[in-house]
Amino acid sequence: MKFVIQRVSHSSVTVNNEVIGNINKGFMVLIGVEDADTEAIADKMVSKLVNMRVFEDENGKMNLALKDVGGELLLISQFTLYADCKKGNRPSFTGAGKPDYANKMYEYIIDKCKQDIEVVETGEFGADMKVELLNDGPVTIILDSREIIG
């Protein structure tokens, strides 16, 4: 499982010219799933996400978590995080989870996040989405379950 987390001042996702998800201060997260991922892995990834201390405290130090600042989440499924670019110039995406399973895990992640964070917006699984964001910092962090869990 991979999360690309961007600390944002605001972010939105549009499908068919309609904004379907919109947040203010918080994280815009691209989520990639592989078939080997489990709910236990998702639980650890979500815990890391919602408790990650990358918001500035009163001293300007990155020491506050999403909950501490009333931050919001925009969660977007992104199978291309599993692009394999080793051969040729056209990436292979065979490492990405099968759509039905990946969608199930994506929905599980959304539900887990809603247990801790008040505002959780989403993209649309499998849709052609246009994502806008204002990266704050910029701060971009990549979480890979293989590095976190081992």
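## Strand β1 and its partners

Strands β1 and β3 pair in the antiparallel sense over seven bridges, where two strands count as paired if DSSP finds at least two bridges between them, and Lys-2 stands opposite Gly-32 in β3. The model is a predicted one, in which local features need pLDDT of at least 70 and side-chain atom pairs count only at pLDDT 80 or more, while totals for chains, interfaces and linings use all residues. Residues are numbered from 1 along each chain as its sequence is written, and side-chain values use heavy atoms, with hydrogens and water left out. Helices (H or I, at least four residues) and strands (E, at least two) are DSSP runs, numbered from the N terminus.

Strand β1 also runs antiparallel to β8, to which 13 bridges join it, and the bridge partner of Val-8 in β8 is Asn-135. A further five bridges join β1 to the antiparallel strand β2 (residues 18-23), with Asn-22 in β2 as the bridge partner of Ser-12. The hairpin of β1 and β2 has two residues between the strands, and in this hairpin Asn-16 takes a positive phi near 50°. Of the 14 residues of β1, 11 are buried, so the strand is largely enclosed by the rest of the structure; buried here means under 20% relative accessible area, exposed means over 50%, and partly exposed lies in between (1.4 Å probe, protein chains only).

Strand β6 is mostly covered, since six of its six residues are buried. Glu-72, Leu-74 and Ile-76 point one way from β6, whereas Leu-73, Leu-75 and Ser-77 point the other way, and all of them are buried. Six bridges join β6 to β3 in a parallel arrangement, in which Val-29 stands opposite Leu-75 of β6.

Three bridges join β6 to strand β7 (residues 120-122), and these two strands also run parallel, with Glu-121 in β7 as the bridge partner of Leu-74. Together β6, α2 and β7 make a right-handed β-α-β unit, a crossover being right-handed if, with the strands pointing away from the viewer, the path from the first strand over the helix to the second runs clockwise.

Helix α1 (residues 39-51) has 13 residues and reaches 18 Å from its first C-alpha to its last, close to the 18 Å expected at 1.5 Å a residue, where the expected span is 1.5 Å times one less than the number of residues. Its buried residues are Ile-41, Ala-42, Met-45, Val-46, Leu-49 and Val-50. Seen down the axis of α1, these buried residues fall within an arc of 155°, so they line one face of the helix; the arc is that of the directions from the helix axis to the C-beta atoms. An α-helix has 3.6 residues a turn, so residues three or four places apart point the same way. The cover over the buried residues of α1 includes β1 (2-15), β3 (26-32), β6 (72-77), α2 (99-116), β8 (129-144) and α3 (145-148), with contact meaning heavy atoms within 4.5 Å.

For α2, the 18 residues should span 26 Å at 1.5 Å a residue, and the end C-alpha atoms are 26 Å apart, which agrees. Its buried residues are Ala-102, Met-105, Tyr-106, Tyr-108, Ile-109, Ile-110 and Cys-113, and what covers them includes β1, β3, α1, β6 and β7.

## Aromatic pairs

The structure holds three aromatic pairs, rings of Phe, Tyr and Trp (its six-membered ring) being paired if their centres lie within 6.5 Å, with planes under 30 degrees apart counted as stacked, over 60 as edge-to-face and the rest as tilted. One of these is the edge-to-face pair of Phe-79 and Phe-93, at 5.2 Å centre to centre and 75° between the planes. Phe-79 and Phe-93 both belong to the loop between β6 and α2, 14 residues apart, and Phe-93 is partly exposed, with a relative accessible area of 32%.

Tyr-106 and Phe-125 have ring centres 6.2 Å apart and planes at 40°, so the pair is tilted. This pair links distant parts of the chain, with Tyr-106 in helix α2 and Phe-125 in the loop between β7 and β8, 19 residues apart. Tyr-106 counts as buried at 2% relative accessibility, whereas Phe-125 is partly exposed, with a relative accessible area of 28%.

## The setting of Ile-23

Ile-23 is found in strand β2 and is buried, with a relative accessible area of 1%. Leaving aside its neighbours within four places in sequence, Ile-23 is in contact with Val-8, His-10, Ser-11, Met-28, Glu-72, Leu-73, Leu-74 and Glu-121. Ile-23 and Lys-44 are 21 residues apart in sequence and 24 Å apart in space, C-alpha to C-alpha.
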